[in-house]
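Visitor: I am new to this structure. Please take me through one part of it closely, and then show me what surrounds that part.

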Amino acid sequence: MRVLIIRHGDPYYPTDSLTEKGQREAELLSKKLINEGITHIYVSPHGRAQLTAKPTADKLGIKPVMLDWLREFPEMLNFKYDTDYFKDMPSPWNMPPELWVNDSDNYDINRWKQSKLLDGSKIAERFEFVGRKFDELLAEHGFVRNGGYYDITEKGDGSTDTIALFCHFGLGTSLIAHVLNAPLISTWNSIFLPTSSVTTLYMERHIEARPIAHGIFAGIGDTSHLFAGNEPVSCSGLHAKILK
C-alpha cells in the first residue's frame, strides 16, 4: 500500500482558498496523480486543501472523504522574547534556528515534548492525537500499528491501495515524524514541503513469511509536476527565497 501526503496548492489565507498560481498547481498536480492508481482520497476540512484535491477527484471520479484531523495544527508558540528580532513569533515549523538547534532535547524522541519551546501550547498532545488518527486510518486499510512497525491483516496483505491525503505543511511533516518515530520539533524545522508537493510513503512488507510492515519514504516534497508544467515552485512557508 502507498500513502501520498500532499500539501495544498499556493494559498490565499484570507479566504482559505488558492491563489491563481495555486489553481495552476492543483491542475498540474492532477495530471500527475491520475496516473498514480489512487483508490481513496481524504481531505482536510480547510478550503485550500479541498480545492487542491478537486481537479484530481473530478478526473478520477472519486468522492473525497473529509477527515477533521487532517486540518492544520492550530496551536502556535505562546512565549515572547524581549528583542525586536523575536517580536513576532513564527509558526512552530518555521522557527529561527537559534531558538531550537542548540537544545539537545529538541532532537530526543522522549524529551522533545517537554521542550521549553512548547510551554503553554498543546502541540505535543495534538501530535499524539494526529498520530493515533493516522494509525486508525491505516488500520482500516489493513495495517495495524504495533510499536514501531505495523502488523499486516488479511485485508492489507497484498494490498495495492494508494490513498491520497490532501493536507498541510505542519500536518504533513507531523505525519513524517510519526512514521519515523522522530522528534517533531526537529522534523518540523528540517523538512520543507512545497505547495502541491507529494510525499510518498510505502508500507513495505520486509519478510514474506512474516506479516509485518514498516513505513518507507520513497520521496519527500516532490514537485516534478510543477517542473513538467514550467510552473515555479512556491516559497510559501520559507523565510529564504531560494527556489526559482
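Visitor: Does D16 count as buried, partly exposed or exposed, and at what relative accessibility?

Guide: This is a predicted model. D16 counts as partly exposed, because its relative accessibility is 22%, and buried would require under 20%. D16 sits in the loop between strand 2 (11–12) and strand 3 (17–18). Its backbone has a positive phi of about 50°, although D16 is not a glycine.

S196 is buried, with a relative accessible area of 0%.

Next come the helices. Helix 1 covers residues 20–33 and helix 2 covers residues 47–60. Two packed helices are described by the angle between their axes and the distance between the axes. Here the angle is about 40° and the axes are 8 Å apart. That makes helix 1 oblique to helix 2. Their crossing is right-handed. On the helix 1 side, the contact uses A26, E27, L29, S30 and L33. On the helix 2 side, it uses L51, T52, P55, T56 and K59. The residues of this contact divide into five nonpolar, three polar and two charged.

Helix 3 spans residues 123–140, which is 18 residues. From its first C-alpha to its last it reaches 26 Å, close to the 26 Å expected at 1.5 Å a residue. Its buried residues include I123, F127, V130, F134 and L138. R126 and D135 are also among the buried residues of helix 3. An α-helix has 3.6 residues a turn, so residues three or four places apart point the same way. Just after helix 3, G142 takes a positive phi of about 100°.

Helix 4 runs over residues 169–180. Its twelve residues should span 16 Å at 1.5 Å a residue, and its end C-alpha atoms are 17 Å apart, which agrees. Eleven of the twelve residues are buried, so helix 4 is largely enclosed by the rest of the structure. Among the buried ones are F169, L171, L175, I176 and V179. G170, G172, T173, S174 and H178 are buried in helix 4 too. N181 follows helix 4, and its phi is positive, near 55°.

How values were computed:
Residues are numbered from 1 along each chain as its sequence is written. This is a predicted model: local features need pLDDT of at least 70, side-chain atom pairs count only at pLDDT 80 or more; totals for chains, interfaces and linings use all residues. Side-chain values use heavy atoms; hydrogens and water are left out. Helices (H or I, at least four residues) and strands (E, at least two) are DSSP runs, numbered from the N terminus. The expected span of a helix is 1.5 Å times one less than its number of residues. Buried means under 20% relative accessible area, exposed over 50%, partly exposed in between (1.4 Å probe, protein chains only). Axes are lines fitted to C-alpha atoms, for helices over the stretch in contact, and angles run from 0 to 180 degrees between N-to-C directions. Angles under 35 degrees count as roughly parallel, over 145 as roughly antiparallel, 65 to 115 as roughly perpendicular and the rest as oblique. A crossing is left-handed if the near helix is turned anticlockwise from the far one by less than a right angle, and right-handed if clockwise. Contact means heavy atoms within 4.5 Å. Ala, Val, Leu, Ile, Met, Phe, Trp, Tyr, Cys and Pro count as nonpolar, Asp, Glu, Lys and Arg as charged, and the others, Gly among them, as polar.
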